Amino acid sequence: DSSLYYAQNGLRIAIEFLYLEWLADSRNRIGNAWEAVGNYEESKNAYLRALSIDQQIGIPYGIGRDNHQIGVVLAKSANLEEALEFELKSIKILENSSSERKDSLALGNIYNSTGGIFIDLAEYREALKYFRKGLSLRESLKDTIGISKSYNEIALVYESVKLFQTALRYHNKSLHYSERISYLPGQATSYQNIGNIYSSLGGLD
């Protein structure tokens with residue numbers, strides 16, 4: 001796999017020059033590459049190594065990112081409780097770190113990821129809480145794509161508890177934001193989700 005090849009070469013150079021920040025990033029990219037091919041155990045190990053290095057150099061963004069990515073691969077491996085622990089660590093770190101835009105954008109994604117785990121655990125109130133946190137943050141950043149994604153996730157909570165009309169309202173809000181910026185993946189997702197709800201309601205107009 002070419003992404004793994006280049007990530008491993010980056011790792012070799014980082015080791016040669018003992019540049020810890022590069023080393024953490026290289027471990028992280030190796031984790032990304034393993035995750036992309038579905039090898040979650042190797043991916044988790046790479047992210048854990050990145051986390052160890054980021055903790056040495058004390059960069060909150062890196063520590064938060066690593067915890068989040070470990071949480072993601074654990075969730076993909078159906079280790080939901082453990083995944084949640086890592087996601088909540090990530091949130092705590094980034095909520096208490098700097099207010100740089102990249103930190104805030106990352107935090108918005110992590111709120112959504114955490115909400116998704118709570119949905120899988122059928123803890124819908126907690127899921128809604130984190131999706132709303134993500135929405136609020138993304139609104140403050142004027143992150144239109146993120147806002148669209150947050151409304152979609154909120155809709156999925158209501159859909160999960162069969163409050164279909166409320167879910168439709170949020171799916172339509174998601175669609176509105178996607179249409180504003182011609183975000184085609186978001187539009188496609190919203191149309192599919194809206195269609196699924198009408199199907200569940202018996203094809204109502």
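How do the axes of α4 and helix α5 (residues 80-95) cross, and within what distance do they come? Keep that question in mind while we look at the model as a whole.

What you see above is a predicted model, in which local features need pLDDT of at least 70 and side-chain atom pairs count only at pLDDT 80 or more, while totals for chains, interfaces and linings use all residues. Residues are numbered from 1 along each chain as its sequence is written, and side-chain values use heavy atoms, with hydrogens and water left out.

Let us start with the overall plan. The protein has 10 helices and zero strands. Here helices (H or I, at least four residues) and strands (E, at least two) are DSSP runs, numbered from the N terminus. Along the sequence, the pattern reads α-α-α-α-α-α-α-α-α-α. Of the 205 residues in the protein, 45% are buried. Buried means under 20% relative accessible area, exposed means over 50%, and partly exposed lies in between (1.4 Å probe, protein chains only). A contact means heavy atoms within 4.5 Å.

Now back to the opening question. The axes of α4 and α5 come within 8 Å and cross at roughly 160 degrees. Such axes are lines fitted to C-alpha atoms, for helices over the stretch in contact, and the angles run from 0 to 180 degrees between N-to-C directions. The two helices α4 and α5 are therefore roughly antiparallel. For that wording, angles under 35 degrees count as roughly parallel, over 145 as roughly antiparallel, 65 to 115 as roughly perpendicular and the rest as oblique. The crossing of α4 and α5 is left-handed, a term for a near helix turned anticlockwise from the far one by less than a right angle, with right-handed used if clockwise. On the α4 side, the residues that meet α5 include P60, Y61, I63 and G64, and their partners in α5 include L80, E82, A83 and F86. By class, this contact of α4 with α5 has 12 nonpolar, five polar and three charged residues. In this sorting Ala, Val, Leu, Ile, Met, Phe, Trp, Tyr, Cys and Pro count as nonpolar, Asp, Glu, Lys and Arg as charged, and the others, Gly among them, as polar.

The axes of α7 and helix α8 (residues 144-160) come within 9 Å and cross at roughly 165 degrees, so α7 and α8 are roughly antiparallel to each other. Their crossing is left-handed. Among the residues that meet here are L128, F131 and L135 in α7, and I147, Y151 and I154 in α8. The contact of α7 with α8 divides into 10 nonpolar, four polar and five charged residues.

Next come the charged pairs. Side chains of opposite charge can pair when their charged atoms come close. A salt bridge is a side-chain nitrogen of Lys or Arg within 4 Å of a carboxyl oxygen of Asp or Glu, and a search of the whole structure finds seven salt bridges. One of them joins D25 and R65, with the closest N and O atoms 3.1 Å apart. D25 lies in helix α2 (residues 20-36) and R65 in helix α4 (residues 60-76), so this pair ties together parts that are 40 residues apart in sequence. R65 also forms a salt bridge with D54, again with closest N and O atoms 3.1 Å apart. Since D54 is in helix α3 (residues 40-57) and R65 in α4, the pair ties together parts that are 11 residues apart in sequence. How accessible are these residues? D25 is partly exposed at 25%, R65 is buried at 16%, and D54 is buried at 2%. D25, D54, R65 and D66 are linked in a network of salt bridges.

Q69 sits in helix α4 and is buried, with a relative accessible area of 14%. Leaving out residues up to four places away in sequence, Q69 touches N28, N32 and Y47. N152 belongs to helix α8 and is buried at 10% relative accessibility. Beyond its neighbours within four places in sequence, N152 is in contact with H171, S174, T189 and N193. N152 and N193 are 41 residues apart in sequence, and their C-alpha atoms are 8.6 Å apart in space.
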